[in-house]
Amino acid sequence: MAVDVKILGNASKSAERHEEDERQEHLMLDPKPREEMNRMVIETMTHTTKRYWIVVGTLALLVAVCLFGAWANMIATGTGVLGIRRPIFWGVLIVTFVFWIGISHAGTFVSAILRVFKAEYRRPFTRAAELMTTFGLAAGALYPLIHLGRVWVFYWMVPYPNARQLWPNFRSPLVWDFLAITTYLLSSTIYLYLPLIPDLAMARDRTKGWRHAVYKVLALNWRGTEMEWHRLRKGIQIFAFAIIPVMFSVHTIVSWDFAVAMTGGWHSTIFGPYFIVGAILSGVSAVVTILYVLQKTLKNMDYFIRREHFDALGKLILVFSMAWAYFFFNEYLLNWYGGEKVVKDILTAHATGPSAWVWYLMLICNVAIPWLTLWNKRIRSTPWLMAIITILINVGMYAERYTIIPLTLGHQRMPFDWGIYNPRLTELLIPLGTLFLFMLLYMLASRFIPLVPVWEVQEGQAAHTLRKIGKGKVPSVSELE
């Protein structure tokens, strides 16, 4: 009898330990009181140190020098300061433009698509991903203006009936990019703002001074009535479905910048899905990197961002790495066995030419590293390892865009017209400047906008419970209307 009691006691303790492990691992099963969670988020926003302002000031200085200083020099001197020469007329600026537009897809994918499929782990970091979309688009939107050269005539890209009856050239990629970016930026900003309203109202009620005045305006007199919640959820649901085709269309248009040309290596019908998969791969990887930085630098963020989130995003990255590899090798195989001789020469030059290291770097970072590491849950659940892996993946994605644009342009139909692209200082400073701009905008937003959608986390925690089945307890989730 004593033995049976001891066994039952050990089983009870084991069940309690299992339940505690579940709570520590899963945010949705580890709820805190509503007021305490609100306090944690407000404290994260208002807690600034001297080191924070030093970093902000340094980033602002770097943006002024690298981005606006180099751009101003190019405007005053002319595009001759760039390294673009015959036959390569698109260089690092367009590479970085495609990179930033790709990064911006993460917010829509993580927030909208995962919301549609009811992936519960997305709740604490949707805001961080949506901000990345907005700031990535803000950085990328500069490049059509920069590459235009004569930026003072940028309005020629805008399709409006002017006094001289001059309409933009609708065959120009600059016009396509302008229309795609403005549409996506407007829709993603609205989609960012809608779920932000309840958190702005929460911040309004817990702050004073200028913050209270600003949040009062931005919260749109939100009171949290049942009708307001109903309309908000309905609006978010409608926008989630509406913004998904916008996301796909934007990067398809970016791929058409290349695919509609008769240039060897570009004229391909597979560029649309190939670019979209690559954009999601780089974007989700960037989300992981940002989550790691937020977890390590912001107060109280380690409660909201946990190992389970890195694990789930690591699985997504592995899936999209495999999808990207499929499209990549499919494109190469078809062109190699059935394409023109010029395309075969381009593919050979990619793998054996003087810039072949870029091609191999792309394959190592986008295929070898994810496939060799992300199958392991222990690696996926280790934040600092995931940060290193995702940074390397984005290095590989940048190398992929570099391979597609300047390296492909350097080997075309006429061998006497081949060339090697050598970017100059201005072309290196401007992309660095937009990277610093992205970081600066994110740092400023972290002290003004609640980076965690508190109401979504609280809603998810209310829906999740540990249900007893047999001798154990398993997580369950109920629908909330």
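Visitor: How many salt bridges does the structure hold?
Guide: Welcome! Keep in mind that this is a predicted model. A salt bridge needs a side-chain nitrogen of Lys or Arg within 4 Å of a carboxyl oxygen of Asp or Glu. By that rule, the number of salt bridges in the structure is 14.

Visitor: Are glutamate 43 and arginine 39 buried, exposed or partly exposed, and what are their relative accessible areas?
Guide: Buried means under 20% relative accessible area and exposed means over 50%, with partly exposed in between. Glutamate 43 has 22%, so this residue is partly exposed. Arginine 39 is also partly exposed, and its value is 42%.

Visitor: How far apart are the closest N and O atoms of arginine 123 and glutamate 120?
Guide: Here is another salt bridge, formed by arginine 123 with glutamate 120. Both of these residues are buried. Their closest N and O atoms are apart by 2.8 Å.

Visitor: Arginine 123 also forms a salt bridge with glutamate 459; how many residues apart are they?
Guide: In this pair, the closest N and O atoms are 3.2 Å apart. The pair links distant parts of the chain, with arginine 123 in the loop between α5 (105-116) and α6 (126-140), and glutamate 459 in helix α19 (residues 454-463).

Visitor: Among contacts between residues at least 6 apart in sequence, what percentage joins residues at least 24 apart?
Guide: Contact here means heavy atoms within 4.5 Å. Counting contacts between residues at least 6 apart in sequence, the share that joins residues at least 24 apart is 79%.

Visitor: Are α13 and α17 roughly parallel or roughly antiparallel?
Guide: Helix α13 (residues 307-338) and helix α17 (residues 383-409) pack with their axes 11 Å apart, at an angle of about 25°. Angles under 35 degrees count as roughly parallel. Therefore α13 and α17 are roughly parallel.

Visitor: Is the crossing of α13 and α17 left-handed or right-handed, and how does their contact divide by class?
Guide: The crossing is left-handed. Residues that meet there include Phe310, Ile317 and Trp324 in α13, and Met386, Ile393 and Met397 in α17. By class, the contact has eight nonpolar, three polar and two charged residues.

Visitor: Is the crossing of α4 and α18 left-handed or right-handed?
Guide: Helix α4 (residues 92-103) and helix α18 (residues 425-446) pack at an angle of about 20°, with axes 9 Å apart. These two helices are therefore roughly parallel to each other. The crossing in which α4 passes α18 is right-handed.

Visitor: How do the residues of the contact of α4 with α18 divide by class?
Guide: From α4, the contact is made by Val92, Leu93, Thr96 and Trp100, while the α18 residues include Glu427, Ile430 and Phe438. By class, the residues divide into seven nonpolar, two polar and one charged.

Visitor: What is the phi of leucine 220?
Guide: Most residues other than glycine have a negative phi. Leucine 220 is found in the loop between α9 and α10, and this residue counts as exposed at 54% relative accessibility. Although leucine 220 is not a glycine, the phi is positive, at about 55°.

Visitor: Which residues does asparagine 221 touch, not counting those up to four places away in sequence?
Guide: Asparagine 221 is in the loop between α9 (209-218) and α10 (226-259). With a relative accessible area of 55%, asparagine 221 is exposed. Beyond four places away in sequence, the residues asparagine 221 touches are Arg204, Lys216 and Glu228.

Definitions and conventions. Residues are numbered from 1 along each chain as its sequence is written. This is a predicted model: local features need pLDDT of at least 70, side-chain atom pairs count only at pLDDT 80 or more; totals for chains, interfaces and linings use all residues. Side-chain values use heavy atoms; hydrogens and water are left out. Helices (H or I, at least four residues) and strands (E, at least two) are DSSP runs, numbered from the N terminus. Buried means under 20% relative accessible area, exposed over 50%, partly exposed in between (1.4 Å probe, protein chains only). Axes are lines fitted to C-alpha atoms, for helices over the stretch in contact, and angles run from 0 to 180 degrees between N-to-C directions. Angles under 35 degrees count as roughly parallel, over 145 as roughly antiparallel, 65 to 115 as roughly perpendicular and the rest as oblique. A crossing is left-handed if the near helix is turned anticlockwise from the far one by less than a right angle, and right-handed if clockwise. Ala, Val, Leu, Ile, Met, Phe, Trp, Tyr, Cys and Pro count as nonpolar, Asp, Glu, Lys and Arg as charged, and the others, Gly among them, as polar.
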